[in-house]
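Trainee: Could we go through the aromatic residues and the nonpolar cores of this structure together, one question at a time?

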Amino acid sequence: MKELLDIHASIKADISRQKRAFKASYNNLPSFLTELIFCLCTPQTSAHKSWNAVQYIMAEDVWKSATKTADALSEYGVRFKNNKAGYIFEAMANRAMIYKNVHEFFDGKTPQITVRNWLAQNVKGYGLKEASHFLRNIGHGNNLCILDRHILRCLVDFNVIDSIPKSLTKAVYFDIERKMLSFSDKIGIESDDLDFVFWYRQNGEIFK
């Protein structure tokens with residue numbers, strides 16, 4: 001596992017800075033909401049394209065119109081513009097409730113996995129992956145795994161799983177997550193740091 005340990009050592013300071021920025025988003029409503037809708041955009045779309053689209057949508061208050069949001073998503077290259085625009089419109093309509101409930105959960109020491117399940121059930125467009133991603137991006141996902149394609153490929157490379165599953169049912173997601181967390185413990189890299197390490201290994205950068 002020397003490759004992963006070497007990468008982690010070389011980018012650990014940058015990871016720490018990014019994680020501090022994520023934690024700052026938790027109590028900052030505009031940043032919280034930006035991360036909320038960013039994670040609605042990322043399925044089957046690059047993180048950079050999604051982030052650029054969301055920055056525009058939030059800065060110009062485009063989210064107030066599902067039609068204008070769909071146009072903006074298309075302009076920035078975000079796939080499935082109509083579905084995602086609908087998800088964004090609904091999430092922003094429920095933004096006060098989502099913000100309030102997430103904070104009440106964590107103030108009450110609710111486990112991260114319970115909050116993730118609530119998000120997956122109550123934010124249209126979120127599954128386990130998107131909910132995990134959002135919680136990581138507000139500083140509350142250190143015990144969760146974001147099982148995106150790049151993560152799954154890396155888990156195959158390091159023999160954590162045999163192959164990329166054709167579909168991620170809840171049972172399959174939980175099983176792979178358990179294996180990734182075990183692998184994280186084995187090599188001594190925290191699971192949320194390991195996500196950054198895998199991303200850097202494939203993309204040569206640290207991003208969202």
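This is a predicted model: local features need pLDDT of at least 70, side-chain atom pairs count only at pLDDT 80 or more; totals for chains, interfaces and linings use all residues.

Trainee: Are the rings of phenylalanine 158 and phenylalanine 198 stacked or edge-to-face?

Mentor: The ring centres of phenylalanine 158 and phenylalanine 198 are 6.2 Å apart, with 25 degrees between the planes. Since planes under 30 degrees apart count as stacked, the pair of phenylalanine 158 and phenylalanine 198 is stacked.

Trainee: How many residues apart in sequence are the parts that this pair ties together?

Mentor: Phenylalanine 158 belongs to the loop between α9 (149–157) and α10 (170–187), whereas phenylalanine 198 is in helix α11 (residues 191–203). The pair therefore ties together parts whose separation in sequence is 40 residues.

Trainee: How many aromatic pairs does the model hold by the rule that ring centres lie within 6.5 Å?

Mentor: Applying that cut-off of 6.5 Å between centres, the count of aromatic pairs comes to 10. Among them is the pair of phenylalanine 38 and tryptophan 51, with centres 5.3 Å apart and planes at 90 degrees, which makes it edge-to-face. Phenylalanine 38 lies in helix α2 (residues 29–41) and tryptophan 51 in helix α3 (residues 47–59), so this pair ties together parts 13 residues apart in sequence. The count asked for is 10.

Trainee: Which charged end sits over the ring of tryptophan 51?

Mentor: Tryptophan 51 is buried, as is phenylalanine 38. At 4.2 Å from the centre of the tryptophan 51 ring sits the charged end of lysine 208.

Trainee: Which element gives the largest share of the largest nonpolar core?

Mentor: This core has 40 residues, of which Val102, Leu119, Tyr126 and Phe134 touch the most other members. The elements giving two or more residues to this core include α2, α3 and α4 (66–75). With 8 residues, the largest share comes from α2.

Trainee: Is phenylalanine 32 buried or exposed, and what is its relative accessible area?

Mentor: Phenylalanine 32 is placed in helix α2, and, leaving out residues up to four places away in sequence, it touches residues including Tyr99, Val102, Phe134 and Ile138. Ring pairs also link Phe32 into a cluster with Tyr99, Tyr126 and Phe134. Because buried means under 20% relative accessible area, phenylalanine 32 counts as buried, its value being 0%.

Methods
Residues are numbered from 1 along each chain as its sequence is written. Side-chain values use heavy atoms; hydrogens and water are left out. Rings of Phe, Tyr and Trp (its six-membered ring) pair if their centres lie within 6.5 Å; planes under 30 degrees apart count as stacked, over 60 as edge-to-face and the rest as tilted. Helices (H or I, at least four residues) and strands (E, at least two) are DSSP runs, numbered from the N terminus. Buried means under 20% relative accessible area, exposed over 50%, partly exposed in between (1.4 Å probe, protein chains only). A charge sits over a ring if NZ of Lys or CZ of Arg is within 6 Å of the ring centre and within 35 degrees of the ring normal. A nonpolar core is a set of buried Ala, Val, Leu, Ile, Met, Phe, Trp, Tyr and Cys residues joined through side-chain atoms within 4.5 Å. Contact means heavy atoms within 4.5 Å.
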